[in-house]
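Please look over the sequence and the model before reading on.

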Amino acid sequence: MSIQAARVTRIQPREHMDFKLDETLPKYWFRNDPFKTRLLDGMQMSFPEGERYFITSVRAFREQITDPVLEQQVKDFVRQEGQHGLAHTHFNTLLARQGMPVPQVMAFHKKHLQRHLDRFSPSFNLALTAGFEHFTALMADGFFTKTSVLEGADHRVKSLFAWHAIEEMEHKAVAFDVMQQVAKVGYVKRTTAMAYSMLLTVRMMLGFCDVLLKADGFSWWARKRLLFANLGWMYGPKGIFSTLLPKILVYFKPGFHPTDIPDMRHYARWVETFQQTNDPLRACDALVDAARAA
């Protein structure tokens, strides 16, 4: 079996996922910590509009795809991203019921992404998508290689992130391959888009986090104290983002391809458990147990 054919079998759209998320979700579901919770709330809040942007950027080139393998990969990519949008829209509904300004934040994010579609060329939007996809494909490493990263998070939210991370890893090369093989994006545009996507990601996560904490009633000074208190957790020597920096920066290497980065070690445990149980919560448990035992 060729490498390309093997990748097709790895992209497995999974639909009708039930994470048991309801109104019993604690307000601060991550260690009862406002900043950590709202930072990840802000990240996932961006996913529905972000996924639509990714799909739009890749679909702009689908009529030019002649490789049937890549064509099928794009179809599976679209199905996976569509399901991610649905799941995170449900999560956002719960946040809105907590009093979070979800409609306003999502309207801002939608307008911001539409501005990119209007202002930049289709190839640059595709290059931005490939950059963002590189980040999301590293979620599995960042959140689940070390069990301590999401220790204390609500089990249901952790399971949602695990499923999303697994599928992002499965289709990590699709947008990149369309960008390289079909749109013929070169090194300069690819890396420029990546640098820009890094800036946008940091601004978005911290900005959305600040908006949510403000809605929680934290003053400007209180929000800044929370930010500074968590800089080490985010960007310290063992920070959740700084530890991913080497794998993020490898994107700038000439000749880089997403498959150069190995899949997370315990990917198969999640897949096998889900196939046996059809339960993403039990699959998440299997993933965490395997990482803990390693």
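Leucine 213 lies in helix α10. The model is predicted, so local features need pLDDT of at least 70 and side-chain atom pairs count only at pLDDT 80 or more, while totals for chains, interfaces and linings use all residues. Residues are numbered from 1 along each chain as its sequence is written, and side-chain values use heavy atoms, with hydrogens and water left out. Helices here are DSSP runs (H or I, at least four residues), numbered from the N terminus.

With a relative accessible area of 1%, leucine 213 is buried. Buried means under 20% relative accessible area, exposed means over 50%, and partly exposed is in between (1.4 Å probe, protein chains only). Leaving aside neighbours within four places in sequence, leucine 213 is in contact with Pro34, Phe35, Arg38, Phe218, Arg223 and Leu226; contact means heavy atoms within 4.5 Å. For one of these, arginine 38, the C-alpha atom is 6.8 Å from that of leucine 213, although the two residues are 175 apart in sequence.

## Helix pairs

Axes are lines fitted to C-alpha atoms, for helices over the stretch in contact, and angles run from 0 to 180 degrees between N-to-C directions.

| Helix pair | Angle | Axis separation |
|---|---|---|
| α4 (residues 68-97) and α8 (residues 155-170) | about 160° | 11 Å |
| α5 (residues 102-119) and α10 (residues 187-215) | about 165° | 12 Å |
| α4 and α9 (residues 174-182) | about 140° | 10 Å |

Angles under 35 degrees count as roughly parallel, over 145 as roughly antiparallel, 65 to 115 as roughly perpendicular and the rest as oblique. A crossing is left-handed if the near helix is turned anticlockwise from the far one by less than a right angle, and right-handed if clockwise.

How do α4 and α8 run relative to each other, parallel or antiparallel? They are roughly antiparallel, and α4 passes α8 in a left-handed crossing. On the α4 side, the contact is made by Gln80, Glu81, Gln83, His84, Ala87, His88 and Phe91. On the α8 side, the residues are Val157, Leu160, Phe161, Trp163, His164, Glu167, Glu168 and Glu170. Together the residues of this contact divide into 6 nonpolar, 5 polar and 4 charged. In this division, Ala, Val, Leu, Ile, Met, Phe, Trp, Tyr, Cys and Pro count as nonpolar, Asp, Glu, Lys and Arg as charged, and the others, Gly among them, as polar.

Helix α4 also packs against α9, and these two helices are oblique to each other. The crossing of α4 past α9 is left-handed. Leu70, Gln73, Val74 and Phe77 of α4 make the contact with Val174, Asp177, Val178, Gln181 and Val182 of α9. Its residues comprise 6 nonpolar, 2 polar and 1 charged.

Helix α10, which holds leucine 213, packs against α5. The helices α5 and α10 are roughly antiparallel, with a right-handed crossing. Val105, Phe108, His109, His112 and His116 in α5 meet Tyr196, Leu200, Met204, Phe208 and Val211 in α10. That contact has 7 nonpolar residues, 3 polar and no charged.

## The loop between α1 and α2

Arginine 14 is found in the loop between α1 (3-10) and α2 (34-45). Is arginine 14 buried or exposed? At 7% relative accessibility, arginine 14 counts as buried. Beyond neighbours within four places in sequence, the contacts of arginine 14 are Gln80, Gln83, Trp163, Ile166, Glu167, Glu170, Tyr267, Trp270, Val271 and Phe274. Among them, Gln80 and Gln83 of α4 and Trp163, Glu167 and Glu170 of α8 also take part in the contact of α4 with α8.

Phi of arginine 31 is near 60°, and asparagine 32 has a positive phi of about 55°. Most residues other than glycine have a negative phi. Arginine 31 is partly exposed at a relative accessible area of 38%, whereas asparagine 32 is exposed at 59%.

## Cysteines

Cysteine 209 is buried at 1% relative accessibility, and cysteine 284 is buried with a relative accessible area of 0%. Counting a disulfide as a pair of cysteine sulfur atoms within 2.5 Å, the model has 0 disulfides.
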